[in-house]
Amino acid sequence: MGRNTEQQIDGEAFVLPAAMIAGATFCAAESEVCSRICNAATGETIGWQEHATAEMVDRAVHAAHDALIAWRHTTPAARGKLLRKIAELLEADRARLSAMQMQVSGKPPFEADLDVSDAIATFSYYAGLCEDASVFAAEPVALPDDALLAERMHEPVGVAALIVPWNFPMVTTAWKLAPALAAGCTVVIKPSELTSPTEHMLAAIVSEAGVPDGVVNVVNGGGEVGAWLTTHPLVDKISFTGSTASGRKVMQAAAHDMKRLTLELGGKSALIVREDADVVQAVSLAVGGAFANAGQMCSATARILVHDNVYRKFMAAFETAVRAVVVVPPQGAEGADAAMGPLISAAQHARVAALVEAGVEAGAQIAFTGQLDPACADGFFMAPVVIAEPAADNMLWTDEIFGPVACVKSFRSDDEAIALANDTRYGLVATVVTNDEKAARRYKVQLRAGLVWVNTPQLIFPQVCWGGFGLSGIGRELGVAGLRSYQELRHTVGMRA
Ligand code: NDP
């Protein structure tokens, strides 16, 4: 049936099946769509991804729906055991998972390894929550009438559609899958067609861990496959990460059945360097915040605000640091030193290049750029770009670029810095660099962002929620709130026995 599907994803070019439903793989017919999976660092074709049909999506949702009855009644402790097993198997497969992240996305070795660590930490954390009976127990609610007893309890939402993008494959999936399973939901995952191999490996690990067939299903393909999921009447909850534009479509699709919704969308976040900041530290945080994952992060702090009194010093040190960023393919001779990888695809490269061109045409000035190694010629690499003092309405200052492009603007007071930082319809994260505790407190309170870092890199812990204000989305992932987002709240009120 269908193509010669090679499921062994080490070695020669592979073809990944269209779907994994209730433990069985489904291949597409020859006439169905199949997309190319590239090595972003070399441009080479490394495999093919078959796309699921509408019928397969329907079958996957039904499989999740059928599996729900038994899964929701497993104990949290039993689910925790499986989550812990998944974390252990991820750890055991760390080298292969990390190599796949490098092979597909071209991530530098340390970034690829960090992704695996993040996924492991997420499964471990939700395993821990499952082992804590109080998280799932019914809680008494105090009432003014002692004759009555009220209780609050949390029920699994049901079947969850998990739609993930390409910038942190496996990580974004873990952020959704671990709390969904912990809550007692069954799922259908839709990975990005550009980076599905890691989700394919993750699904195999979930199955090996002993998660019952039908609890986790995967349908592959592009936006149309995601759209079929979002309109399926048996899907109770959608958790989507991606662009704000697609997020709007998902929200509209969810409206008809009032599906529960978590949206983790774009950002245009600020990094603020106060006058009292350690400039060396500020530069290091600015480089990481803008150019990690080649800037393809919803949390990129690509609007850098620097106090006027340290602006020249900062810019000189920033230029030296940006020119020193090693941009090379991770597999090459210097791969171990790679600090920044390529963009995910030729299309993303063209999109970012066009935005830079349009921004410059509209008056933005490129202050300096980083450098590209000749070994980058065949991949989708772009050297870091730094824009100085763009106009407030320039698209490079206002729009999410999702590439290695940072803008720097000066400010003269905390009031001005906070106003500039908050002058965006997004509100995902912010970073403040200061040695003044009182000032730090003020920024923490007044910055309109879901997560504020003070003098740290973008540290992410599964204990700390992720999500933002405004156009950055709805709801929170990670933490206890991440678990609750896969649960319905129910109250009971009755006469005390
Ligand atoms: P999208 O938002 O289009 O895609 C994210 C995921 O949603 C993918 O799996 C995609 O499928 C799927 N999808 C697309 N349209 C729909 C739909 N109508 N219903 C359900 N699912 C859908 O991001 P892109 O990959 O197109 O990237 C474009 C831009 O989006 C980037 O340049 C960046 O600005 C932003 N972005 C933001 C991310 C974030 O973390 N906040 C992540 C990725 C992108 P598929 O891609 O397979 O077609």
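At least three of its residues come from each of domain 1 (15-265) and domain 2 (270-461), with domain bounds taken from an automatic or database domain assignment. The model is predicted, so that local features need pLDDT of at least 70 and side-chain atom pairs count only at pLDDT 80 or more, whereas totals for chains, interfaces and linings use all residues. Residues are numbered from 1 along each chain as its sequence is written, and side-chain values use heavy atoms, with hydrogens and water left out.

- Leaving aside neighbours within four places in sequence, F123 is in contact (heavy atoms within 4.5 Å) with L83, I86, A87, L90, A174, L177, A178 and L202.

**Aromatic pairs**
- The structure holds seven aromatic pairs, where rings of Phe, Tyr and Trp (its six-membered ring) pair if their centres lie within 6.5 Å, and planes under 30 degrees apart count as stacked, over 60 as edge-to-face and the rest as tilted.
- W166 and F402 form an edge-to-face pair, at 5.4 Å centre to centre and with 85 degrees between the planes; W166 lies in the loop between β8 (159-163) and α6 (171-183) and F402 in the loop between α13 (395-398) and β17 (405-411), 236 residues apart.
- Helices (H or I, at least four residues) and strands (E, at least two) are DSSP runs, numbered from the N terminus.
- Both W166 and F402 are buried, a term for under 20% relative accessible area, with exposed over 50% and partly exposed in between (1.4 Å probe, protein chains only).
- F318 and F368 also form an edge-to-face pair, at 5.9 Å centre to centre and 80 degrees between the planes; because F318 lies in helix α11 (residues 308-323) and F368 in strand β15 (residues 365-369), this pair ties together parts that are 50 residues apart in sequence.
- Ring pairs link F291, F314, F318 and F368 into a cluster.

**K237 and its strand**
- K237 lies over the face of Y486, 4.7 Å from the ring centre, the criterion being NZ of Lys or CZ of Arg within 6 Å of the ring centre and within 35 degrees of the ring normal.
- Strands β11 (residues 237-241) and β12 (residues 260-264) pair in the parallel sense over five bridges, pairing being assigned if DSSP finds at least two bridges between two strands.
- The bridge partner of K237 in β12 is R260.
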